[in-house]
Amino acid sequence: MTVEHRARTGEENPGPREGERSDGPAAGWAGGGQWLGVLRSPLGCCAAGLLLGVLLLAAFGPLLWSGRAAAIDTGQLLQGPSGRHWMGTDNLGRDVFFRVLVATRLSVALALLATVLGVVVGLLLGVAPALLGKRAGRAVTAVVNIAVAFPGLLLALFFAVVFGVGTKGAVLAIGFATAPGFARLTQTLVASVSERDFVCAARVAGIGRMRVLTRHILPNIAEPLIVNATIGAGSALLAFSGLSFLGLGVQAPSYDWGRLLGEGLTGIYTHPAAALAPGAAVVVAGLAFNLTGEAVAKAVGVPTTDGVDLPLPVGKAAAGKVPVEPVPAARPGAEQVLTVEGLRVSFPGPHGPMTPVRGVSLSVGRGESVGVVGESGSGKSLTALAVSRLVEHPGTVDADRLEFLGTSLLGGEKDTAATRKLLGTSLAMVFQDPMTSFNPTMRIGRQLSEVAQQHLGASRRGAWARAVERLREVRIPAAERRAAQYPHEFSGGMRQRAMIALGLMGHPALIIADEPTTALDVTVQRQMLRLLSRVRAADGVALLLISHDINVVAQTCERVLVMYAGRIVEELPSDRLLTAARHPYTRALIATVPHMESDLDRPLPVIPGRPVAPGQVPSGCAFAPRCPAARDRCRTDDPRLRASEPGHRVACWYPHTGAAVRPDEQLFDTTRKAGERP
């Protein structure tokens with residue numbers, strides 16, 4: 001029975017009407033109108049005309065003029081330009097103009113061959129860190145960095161000596177000299193895309209590294225790679241001509257533009273046309289490739305990549321351990337789905353390791369909903385990434401215990417296919433940004449069906465049918481038609497529903513929802529929360545809801561964990577959150593939320609100062625510099641999370657014992673300057 005059948009009463013608004021489209025970036029390549037517009041522009045017109053002319057000469061030049069280019073006339077040795085010989089003749093009386101035309105094929109073909117070699121080698125080196133282990137990836141990156149430090153021409157000359165004189169050696173030399181720059185570009189683009197939400201979702205689903213690379217990463221960086229490869233062809237043409245000019249490239253009796261330039265240079269003062277003609281050909285052909293690259297860049301709209309903090313791998317213990325919190329108890333009698341003890345996440349910093357997550361302990365039982373709240377930077381999302389094994393180099397994750405459904409997820413233990421399958425089918429991750437949660441180059445249904453094919457062994461047809469069914473369960477209208485659409489054709493709310501459907505493609509025991517209502521209006525936000533509640537109640541799925549909205553968590557979850565500076569500072573039942581919170585930080589969060597009863601004549605309450613930076617955690621209680629009740633002990637001793645009553649724990653030396661927080665309570669002096677100690 002589907003979720004739809006189990007929840008016929010109290011159904012929510014199904015979302016956008018059938019056929020509704022949202023404004024968003026188009027996926028894939030540019031449309032025909034954009035290409036036509038580029039061709040009509042001066043740049044596009046010149047690029048297309050020049051490139052077409054060069055390619056036509058390369059294709060038909062040897063067929064039309066090989067005989068005239070090879071004809072020897074001893075009576076016309078080293079003649080200047082004339083009506084019979086437009087660019088004069090060489091030292092054997094051969095027509096220089098026709099030799100330049102015929103040499104177009106070999107010059108362009110060898111330059112393109114070297115470019116293809118450089119692109120292939122550079123692409124392999126660029127994606128190696130994403131495919132290989134940490135050590136091998138670092139070694140490849142170091143080799144690329146060293147190679148990029150040398151000028152390209154110097155590398156070409158070095159490889160030309162290594163591979164030997166001749167056409168084959170020159171092609172290899174130019175190709176390998178081009179590869180480092182292309183590899184550096186590929187590494188940068190891969191790093192910028194590899195931690196986007198849709199790639200993380202594929203990893204959570206257990207998709208292998210190679211498949212993630214070929215299906216999710218490379219299609220999204222293809223445009224800038226193609227543009228740079230096109231521009232690189234012009235550089236390869238110039239470099240190859242340079243090697244032939246120096247006698248390291250094409251050898252007699254074959255000839256290209258570089259060799260013709262070298263032959264004509266000996267008589268440049270008496271017979272300049274013989275040297276100028278092949279030189280002009282190199283310039284025109286190189287300009288054609290470069291202008292084409294610029295035109296392609298405008299047509300496809302090469303995207304800029306946003307810097308993304310790379311997640312960290314589960315690894316050995318991080319430096320500078322902090323006290324470990326006891327595990328908050330799950331619902332009494334509930335089967336443990338997730339158990340975390342002493343979770344620490346560390347990043348390398350300029351003055352030693354930084355630890356944004358400092359000894360977090362939590363547990364989630366079967367069918368239980370647990371909320372995690374706190375300001376931005378408190379470590380909520382990083383905790384979720386660590387639990388989901390989405391944390392990679394350059395940092396480390398350590399925990400005294402990290403178990404999911406009884407299976408340890410610590411990196412010291414072998415990462416088996418069974419573990420990947422367990423995470424792919426039993427752990428669902430709903431990311432906070434519905435606009436970047438899906439691969440823009442793949443259809444929604446195809447992205448969902450990958451999970452069923454990868455872990456459930458379903459056929460392509462069966463996986464597609466399952467994807468359509470899951471879209472129906474999350475109330476997406478016209479599911480079959482929508483499954484064949486791209487993410488940009490979905491509204492924000494529908495994309496968030498589709499993310500939940502992606503998690504339901506397996507048999508999830510735990511859904512980690514990281515700010516699932518971000519960027520959604522209040523109506524769609526309510527729909528998302530009700531949908532998560534239905535799924536949890538219907539299938540006994542545990543829910544870990546991360547949010548900065550304390551009201552959302554109070555209404556959705558049974559238990560609330562409040563985080564500050566990478567630690568859990570209070571844990572209590574959600575029905576007591578607004579009435580029995582004891583930690584000053586929790587009470588401050590509650591007080592800063594406006595209510596209908598708030599006094600409009602008074603300024604909104606604020607928490608003075610700024611959250612603690614991971615590398616600047618003060619001694620004692622991290623909240624002490626912002627706390628109005630802080631005393632000397634708070635600034636020297638770090639409080640542990642201790643039970644104050646059954647089901648309620650608080651990490652504070654002087655917890656509040658009075659009444660509940662009133663809607664109009666002014667916990668802080670709003671006239672105090674930010675950061676000023678109370």
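How many bridges join S3 to S9, and in which sense do the two strands run? The points below begin with this pairing.

1. Basis of the note. The model is predicted, so local features are reported only at pLDDT of at least 70 and side-chain atom pairs only at pLDDT 80 or more, whereas totals for chains, interfaces and linings use all residues. Residues are numbered from 1 along each chain as its sequence is written, and side-chain values use heavy atoms, with hydrogens and water left out.

2. Strands S3 and S9. Five bridges join S3 to S9, and the two strands run parallel. Val-373 has Ser-547 in S9 as its bridge partner. Strands are taken to pair if DSSP finds at least two bridges between them. Helices (H or I, at least four residues) and strands (E, at least two) are DSSP runs, numbered from the N terminus.

3. The sheet as a whole. S3 and S9 belong to an open sheet of eight strands, ordered S7-S8-S9-S3-S10-S11-S13-S12, with mixed pairing. Strand S7 (427-430) and strand S12 (642-645) are at the edges; each has a single partner strand, so one side of each is left without a neighbour in the sheet. From one strand to the next, the twist averages 20 degrees. Strands of a sheet pair through backbone hydrogen bonds, in either the parallel or the antiparallel sense.

4. Burial of S9. Six of the six residues of strand S9 (residues 542-547) are buried, so this strand is largely enclosed by the rest of the structure. Buried means under 20% relative accessible area, exposed over 50%, and partly exposed in between (1.4 Å probe, protein chains only). One side of S9 carries Ala-542, Leu-544 and Ile-546, and the other carries Leu-543, Leu-545 and Ser-547; both faces are covered.

5. Strand S5 as a two-faced strand. In strand S5 (residues 401-404), Leu-402 and Phe-404 form a covered face, while Arg-401 and Glu-403 form an uncovered one. In a regular strand the side chains alternate between the two faces of the sheet. Strand S1 (residues 336-347) pairs with S5 in the antiparallel sense over four bridges, and Leu-338 has Phe-404 as its bridge partner in S5. Two bridges join S5 to strand S6 (residues 407-408), also running antiparallel, with Phe-404 opposite Thr-407 in S6. The hairpin of S5 and S6 has two residues between the strands, and Leu-405 takes a positive phi near 55 degrees.

6. Two packed helices are described by the angle between their axes and the distance between the axes. Axes are lines fitted to C-alpha atoms, for helices over the stretch in contact, and angles run from 0 to 180 degrees between N-to-C directions. The axes of helix H9 (residues 209-245) and helix H14 (residues 444-455) come within 13 Å and cross at roughly 165 degrees; H9 and H14 are therefore roughly antiparallel. Angles under 35 degrees count as roughly parallel, over 145 as roughly antiparallel, 65 to 115 as roughly perpendicular and the rest as oblique. Arg-211, Arg-215 and His-216 in H9 meet Arg-446, Glu-450 and Gln-454 in H14, contact meaning heavy atoms within 4.5 Å. H9 and helix H10 (residues 257-265) pack at about 45 degrees, with their axes 7 Å apart, and are therefore oblique to each other. Among the residues that meet there are Leu-237 and Phe-245 in H9 and Trp-257 and Leu-261 in H10.

7. Helices H4 and H5. The axes of helix H4 (residues 96-131) and helix H5 (residues 134-148) come within 8 Å and cross at roughly 150 degrees. That makes H4 roughly antiparallel to H5. Leu-125, Ala-128 and Pro-129 in H4 meet Gly-137, Val-140, Thr-141 and Val-144 in H5.

8. Helix H15. In H15, Ala-463, Ala-467, Val-468, Arg-470, Leu-471 and Glu-473 are buried. Arg-475 follows H15 and has a positive phi, near 65 degrees.
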